[in-house]
Amino acid sequence: MKTEIEALRDPAARLVILTGAGISAESGLSTFRGNGGLWDGWPVEEVATPEAFERDPALVWRFYGERRRTAMDAEPNEAHRAVAAAERTMGERFLLVTQNIDGLHEAAGSRRVLPIHGSLWTTRCTGCGRRRPDRELHATLPVCERCGALERPDIVWFGERLDPAHLERLQAFLLRADDDHVPSVFLAIGTSGVVQPAASFVRFARACGAAAWLNDLDGTAENAPLFEHVVPGPATRVVPALLAPVG
Ligand code: OAD
């Protein structure tokens, strides 16, 4: 079993990392799918769609309030720290795309981050669209100070589009590596490969010539066959080893 990504030893190499809930599991945060996953207790269609919020905003806020309460006490782990260290070494040759809303990458020091599914720590007005930092556990529904409309969690729900600027940045990064003929690597960590479009980023990365690596606890991610290298095991052990050349 390979334990490090040798291509990263090349001083021109570029790296895209895509993370999912699995990277935060060892920080004590539940993943979404699998035994005891969040979606077992909270059906997606009741808490993570725009229709759910229209029907019962209090229930949706309760779900995200619960996420805030648990994430507030969580600390970044060795895998988050290894990702941040790779960015410090690689600078502009590095890009992190995360589906996580917990803020643990930023807490570990990551800066070149595209939080494609939004953030648990900002709130967005359904009327004027104003975003504001917000760490409260709301007992009553929050309303916008500026326009008085209901505020919502700043999350990209099922049925909503990702920010096109995020997708453009990811594509431009991978295309440039291809144009410059430098080695590039796409590494996915702790994501089940079920939710689109993130589950398909690996296809685009490979079409741009990137070598595709996956770390998943048991290697059973749905899109695992799309990767050339699948390294099972807990992210806190596997990720620092994979990234050792740039750690
Ligand atoms: P999932 O819960 O679907 O998948 C978590 C993955 O992490 C699984 O493949 C696990 O095997 C793996 N895993 C668990 N513990 C791990 C560990 N210690 N080390 C390495 N891997 C581990 O979470 P996501 O793929 O992130 O979207 O889910 C994608 C999106 O679906 C989420 O962003 C969320 C959800 O619905 C929204 O809410 C919009």
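**A guided conversation about this structure**

Visitor: Why is threonine 19 called buried?
Guide: Buried stands for under 20% relative accessible area (exposed is over 50%, partly exposed lies in between, using a 1.4 Å probe and protein chains only). Threonine 19 has 0% relative accessibility, so it counts as buried.

Visitor: What kind of model are we looking at?
Guide: The model is predicted: local features need pLDDT of at least 70 and side-chain atom pairs count only at pLDDT 80 or more, while totals for chains, interfaces and linings use all residues. Residues are numbered from 1 along each chain as its sequence is written, and side-chain values use heavy atoms, with hydrogens and water left out.

Visitor: What makes the pairing of the side chains of threonine 19 and histidine 105 a polar contact?
Guide: The term asks for a pair of N or O atoms within 3.5 Å; within protein, one must be able to donate a hydrogen and the other to accept it, and residues adjacent in sequence count only if both atoms are side-chain atoms. Here the distance is 2.9 Å. The side chain of threonine 19 also makes a polar contact of 2.7 Å with the side chain of threonine 98.

Visitor: Which residues is threonine 19 in contact with, leaving aside its neighbours within four places in sequence?
Guide: Contact means heavy atoms within 4.5 Å. Among the residues that meet this are Leu96, Val97, Gln99, Asn100 and Ile189.

Visitor: Where does threonine 19 sit?
Guide: In strand 1. Strands (E, at least two residues) and helices (H or I, at least four) are DSSP runs, numbered from the N terminus.

Visitor: How do you know that strand 1 and strand 2 pair?
Guide: Two strands pair if DSSP finds at least two bridges between them. Strand 1 and strand 2 have five bridges, in the parallel sense, so they pair. Leucine 15 stands opposite phenylalanine 94 in strand 2. On to the next pair: strand 2 and strand 3 are joined, again parallel, by three bridges, with valine 97 facing its bridge partner leucine 114.

Visitor: Why is strand 2 described as largely enclosed by the rest of the structure?
Guide: Five of the five residues of strand 2 are buried, so the rest of the structure largely encloses this strand. Phe94, Leu96 and Thr98 are buried on one side, and Leu95 and Val97 on the other.

Visitor: What makes strand 3 and strand 9 edges?
Guide: The open sheet has six strands in the order 3-2-1-7-8-9, with parallel pairing. Strand 3 (113–115) and strand 9 (229–232) each have a single partner strand, so one side of each lacks a neighbour in the sheet.

Visitor: How is helix 6 placed on strand 1, strand 2 and strand 7?
Guide: Helix 6 (residues 78–90) lies across these strands, at about 150° to strand 2. Axes are lines fitted to C-alpha atoms, for helices over the stretch in contact, and angles between N-to-C directions run from 0 to 180 degrees.

Visitor: What is the strand order of the three-stranded open sheet?
Guide: The order is 5-4-6, with antiparallel pairing. Its edge strands are strand 5 (131–133) and strand 6 (151–155), each pairing on one side only. Strand 4 (residues 118–125) is joined to strand 6 by five bridges.

Visitor: How do you know that the buried residues of helix 10 line one face?
Guide: In helix 10 (residues 235–242), Ala235, Val238, Val239 and Leu242 are buried. Seen down the axis, these fall within an arc of 95°, so they line one face of the helix; the arc is that of the directions from the helix axis to the C-beta atoms. The cover over them includes helix 1 (22–25), helix 6, strand 7, strand 8 and strand 9.
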